[in-house]
Amino acid sequence: MTADSAQSLARLAAERVDHRFKGLPPDADGLTVAELAGQRRNLFTGGFATPVLALSAERLEHNLKLMETYVARHGLAFAPHGKTSMAPQLFQRQIEHGAWGITLAMPHQVRVARAFGTRRVFLANELVDAAALRWIAAELDADPDFELVCYVDSVRGVELMDAALRGATRPVDVVVELAAGEGARTGVRTEAECARVADAVAGTRTLRLVGVAGYEGEVPKADTERVTAWLRRLVALAAAFDEAGRFTGLDEIVVSAGGSAWFDAVAEVFAEIPELSLPVLRLLRSGAYVSHDDGHYRKLTPFNRVPEEGALEPAFRLWTQVVSRPSDEQAFANAGKRDAAHDLDLPFAQVIHRDGTERPATGVSVTALSDQHAWLATTPEADVEVGDWVGLGLSHPCTSFDKWQLIPVAEADGTVVDYVRTFF
């Protein structure tokens, strides 16, 4: 950790707790985050108000260590996608666990990362906003240790970037984004057009081509065969660019892919990258692993296909309280769309906490969310009363983090040992 990073993170610990941070104990107002963490309050008896989202301290550390081990075993560099958490404390922990840098999607996210000392950023988007480009150029000029790599996917985009960056001292490093197929999201559709984009980059002084990249999660009707075939196209594009002399003068060639659903295929294909004229930075960008989840990524994680390599653990739990029990078949809890991810799956009722004891939420399921209520269906075996705390598992980390500005990190017994600040 650099001195600037340490100072920036220390400022987070010095922030005062107040009404901005939902779920935190009302009697903690005025304390610093560090002071509140130092009290090691219990999530259930320490004055926390429902709903409250918590991260498991043990599972968070497990996931960080697992991916550190995985990428090292497969000879990959790692730039986990920071849009998942937008939490500089987690960025720092990811870097401490071996990450090359942090992937981001939008310029304001880069500003957050830079405010907390992130030295390497992979921007997985073509950036054509002139004001943002000028700010990035100023950051590069002011800090020789700052490295940024950005997508390009069109000649027009290259022209706009070049116009905005004229006068900058350092060129912006770019990779040509290969689209995952027709009908996919962004990226260049054909290898011939990739060459035209690369030629446009070569015609500027403001941009420097350093590799190729893309996102295999957008492969239409994705399965192992289709994803592997696209990844081999990406590798072949890098080899063709290298043979054409497009990477002359670099120290390394960047080849990057990898979301959270197919990183096993990325590892397999990137291991096949042939010897090129320069060393290759095989850069994986998976981000959802840091918290994992109880729905979407539990089903999609590549560790289901390679269980011998380990297993991620869902680190989130949203605690909500039963506020109404109008019938034997129904109850309502005080967490809704404002609090819980719901874009992919509804939350999952997992445990009931009452009078210091915890048991499975047998016979309880979430059937709908209102803005501030969870609709619970209850079968005859369900033991649910008004006042019970219900622990919900969530699906999709990206839309869980973004609803909470300050998230308690709790040990297995409920002791809160830290707080994670997010910036969305």
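Modeller: D383 is partly exposed, at 38% relative accessibility; buried means under 20% relative accessible area, exposed over 50%, and partly exposed in between, with a 1.4 Å probe and protein chains only. This is a predicted model, in which local features need pLDDT of at least 70 and side-chain atom pairs count only at pLDDT 80 or more, while totals for chains, interfaces and linings use all residues. Residues are numbered from 1 along each chain as its sequence is written, and side-chain values use heavy atoms, with hydrogens and water left out.

The partner of D383 is R359, in a salt bridge whose closest N and O atoms are 3.2 Å apart; the term means a side-chain nitrogen of Lys or Arg within 4 Å of a carboxyl oxygen of Asp or Glu. R359 lies in strand β13 (residues 357-360) and D383 in the loop between β15 (374-378) and β16 (389-393), so the pair links distant parts of the chain, 24 residues apart. Helices (H or I, at least four residues) and strands (E, at least two) are DSSP runs, numbered from the N terminus. R359 is partly exposed too, at 23%. Through shared partners, salt bridges join R354, R359, D383, E385 and D388 into one network.

The count of salt bridges comes to 32. Among them is E35 with R16, at 3.8 Å from N to O. E35 belongs to helix α2 (residues 33-38) and R16 to the loop between α1 (3-13) and α2, so this pair ties together parts 19 residues apart in sequence. E35 is partly exposed at 38%, and R16 is partly exposed at 45%.
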